[in-house]
Amino acid sequence: AVGSEKEPTGAMVKEEDWVRAFLAHSIAHPPGSVFQYSSAATYMCSAIISKVAGTSMLDYLIPRLFEPLGIAEPTWETCPRGSNTGGWGLSVPTEALAKFGQTLLQKGKWNGREVIPAAWVKEATAFHIQQPEPAQPTRPKAENDWLQGYGYQFWRCQHGGFRGDGAFGQYTIVLPEQDVVIAMTGESANMQGQLDLVWKYLLPAIKPEPLPADKRTMARLQMTLNNLGLPLPAGQPTSPLAEKITGKAFRLAANDLGFENITFYFRKDHSVAAFGDAQETYAVACGQTTWAHGETTLPGTPPRIISGGAPERGTPHPVAAAGVWKDEQTFEMTWRYFHTPHHDTITAKFDGDKVELTVVPSIARAAQRPVLRGQLSA
């Protein structure tokens with residue numbers, strides 16, 4: 001925890017030298033005296049490791065943590081000078097979070113091998129500082145999982161547990177008293193609400209002895225899991241306007257994203273939105289009755305909370321997309337970046353020979369995208 005009046009991450013990532021920007025930030029309180037959540041401080045831990053080890057934190061951890069746990073191909077965003085961002089930007093599957101949590105539960109051991117010193121696990125997950133209570137609390141302190149104390153990069157939580165958590169609900173919850181690890185990934189603005197569901201439904205179901213075999217319930221669970229899916233956007237598969245504008249380019253007014261034109265192609269069972277700039281064309285295919293899976297290098301995708309550490313231009317991102325007509329003049333696309341919890345909703349409103357495109361990211365705090373306005377090319 002860094003005692004400063006204002007969290008420095010936003011200002012830090014605007015600079016080329018993040019270390020210098022962090023060290024130039026004023027410290028308002030003696031270290032360790034006031035809790036201040038700071039992703040920038042966590043970045044500094046990464047930068048220090050890079051300096052001392054002579055390699056990135058990711059490369060340092062691969063043989064020491066990721067490979068022993070069988071976590072393949074982790075990726076981690078970097079600052080302009082090559083250090084991993086530390087406080088954000090690590091991409092691993094949900095199963096990897098569960099493996100890490102299990103290692104912590106087992107006091108740093110995985111398959112009988114110590115990969116993290118047991119003394120460090122105990123120290124890092126212990127209570128070290130109290131978070132400040134809100135001026136207008138909405139619930140008792142004992143039921144607030146953000147007021148149970150903080151360790152070294154770990155939050156303490158109810159029921160004697162601790163957790164690592166990321167924005168919008170990326171959780172690794174370790175409950176030593178129950179000998180349980182819970183890993184979750186998702187996107188929710190109500191993170192306490194997610195934990196409340198764990199305490200309400202999962203915790204009471206945890207028993208000290210194994211559950212008896214129940215083939216019927218297991219079959220129902222398997223059927224439920226096999227049929228899980230995100231609903232397609234609601235709307236009509238086509239519009240009379242589609243045939244009139246398919247394949248025709250709309251010239252876009254000058255915009256911060258640098259896009260010069262967009263062309264829509266409407267087919268029998270799918271559509272394509274193709275954005276063009278001075279360098280190339282970025283096409284995203286959208287299904288009508290199913291999600292169309294592909295990749296995109298479209299600048300500005302996926303949506304992000306912190307601008308610093310963004311992948312290099314041209315980095316492909318997996319996407320599942322669908323498009324429907326909300327009315328005869330309005331075409332709406334949903335692009336889900338399924339290696340992240342996030343998605344974009346792109347709405348194209350047509351008016352004669354003009355089009356107006358708005359992009360609404362699923363992250364409420366993400367930077368607002370500019371409205372794109374275009375006109376049919378002659």
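Select Gln 170 to begin: leaving out residues up to four places away in sequence, Gln 170 touches Gly 164, Asp 165, Met 184, Thr 185, Gly 186 and Pro 341. Here, touching, or contact, means heavy atoms within 4.5 Å. The model you have open is predicted, so local features need pLDDT of at least 70 and side-chain atom pairs count only at pLDDT 80 or more, while totals for chains, interfaces and linings use all residues. Residues are numbered from 1 along each chain as its sequence is written, and side-chain values use heavy atoms, with hydrogens and water left out.

**Stay on Gln 170**

Gln 170 belongs to strand β7. Helices (H or I, at least four residues) and strands (E, at least two) are DSSP runs, numbered from the N terminus. Is Gln 170 buried or exposed? Gln 170 is buried, because its relative accessible area is 18%; buried means under 20%, exposed over 50%, and partly exposed in between (1.4 Å probe, protein chains only).

Now show its side chain. A polar atom there lies 3.0 Å from the backbone oxygen of Ala 167, and the side chain also reaches the backbone oxygen of Gly 186 at 2.6 Å.

**Move along to Thr 172**

Next, select Thr 172, also in strand β7, which spans residues 170–175. Thr 172 is buried, with a relative accessible area of 8%. Apart from residues up to four places away in sequence, Thr 172 touches Leu 97, Gly 101, Phe 162, Arg 163, Gly 164 and Ile 182. Across in β8, the bridge partner of Thr 172 is Ala 183.

**Bring in the sheet**

Select β5, β6, β7 and β8 together: these four strands form an open sheet in that order, with antiparallel pairing. Two strands pair if DSSP finds at least two bridges between them. Which strands are at the edges? They are β5 (155–157) and β8 (180–184), each pairing on one side only. From one strand to the next, the twist averages 20 degrees. Between β7 and β8 there are five bridges.

Colour helix α5 (residues 94–105), which lies across β6 (161–166), β7 and β8 and runs at about 155 degrees to β8.

**Visit helix α3**

Select residues 39–53 for helix α3. Its buried residues include Tyr 43, Met 44 and Ser 50. What covers the buried residues of α3? The cover includes α1 (9–12), α2 (18–23) and α4 (57–66). After α3 comes Gly 54, whose phi is positive, near 75 degrees.

Select Asn 261 in strand β10 (residues 261–266). At 27% relative accessibility, Asn 261 counts as partly exposed. Its contacts, leaving aside neighbours within four places in sequence, are Phe 250, Arg 251, Leu 252, Ala 274, Phe 275 and Gly 276.

For the last stop, select strand β11 (residues 270–276) and strand β12 (residues 281–287), which run antiparallel and are joined by seven bridges. A hairpin of four residues links β11 to β12. Pick out Ser 271 and you will find its bridge partner in β12, Cys 286.

Note on methods. Axes are lines fitted to C-alpha atoms, for helices over the stretch in contact, and angles run from 0 to 180 degrees between N-to-C directions. The expected span of a helix is 1.5 Å times one less than its number of residues. A polar contact is a pair of N or O atoms within 3.5 Å; within protein, one must be able to donate a hydrogen and the other to accept it, and residues adjacent in sequence count only if both atoms are side-chain atoms.
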